[in-house]
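I open these notes with a request to have the sequence and the model on view. My entries follow it.

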Amino acid sequence: MITTVDTNTTEMSTVDALWVLIQSQSKRVRQALAKRILAEHEQSKTQAQQKMVKDSLERAFDELHAGKAHKDARKLFK
């Protein structure tokens, strides 16, 4: 007697596949991965903040050199 099995291929997302791999690692490896991911996230936030400050200072100096500087900057936010 021959039996056939229906092989429905279920597709797994990349994130799900990665999650399965991570779960199969030791606790020490998972902690190291988590630490790296969090450090990378913090670094990207810091870089974004530094870029925002740099852009703001460049704009302020451009306005200063163009003679568009405000006498009292506190009045800008009222």
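I worked on a predicted model, in which local features need pLDDT of at least 70, side-chain atom pairs count only at pLDDT 80 or more, and totals for chains, interfaces and linings use all residues. I numbered residues from 1 along each chain as its sequence is written, and side-chain values use heavy atoms, with hydrogens and water left out.

**Overall.** I found two helices and zero strands in the chain (DSSP runs of H or I, at least four residues, or of E, at least two, numbered from the N terminus). Of the 78 residues, 0% are buried (buried is under 20% relative accessible area, exposed over 50%, partly exposed in between; 1.4 Å probe, protein chains only). The chain exposes about 8200 Å², and 58% of it comes from carbon and sulfur atoms (Shrake-Rupley method, 1.4 Å probe; for residues, only the protein chains shown count as cover).

**Salt bridges.** I noted three in the structure (a side-chain nitrogen of Lys or Arg within 4 Å of a carboxyl oxygen of Asp or Glu). Asp55 pairs with Lys51, the closest N and O atoms being 2.8 Å apart; both lie in helix H2, four residues apart. Lys51 counts as exposed at 51% relative accessibility, whereas Asp55 is partly exposed at 33%. Lys45 bridges to Glu42 at 3.5 Å, three residues apart in helix H2. Lys54 and Glu58 also meet at 3.5 Å, N to O.

**Patch.** I recorded Val53, Leu57, Phe61 and Leu64 as a nonpolar surface patch with about 390 Å² of accessible area together (residues with over 30% relative accessible area and no salt bridge; like charges joined within 9 Å, nonpolar side chains, Val, Leu, Ile, Met, Phe, Trp, Tyr, within 5 Å). Leu57 lies in helix H2, residues 27-65, and is partly exposed at 47% relative accessibility.
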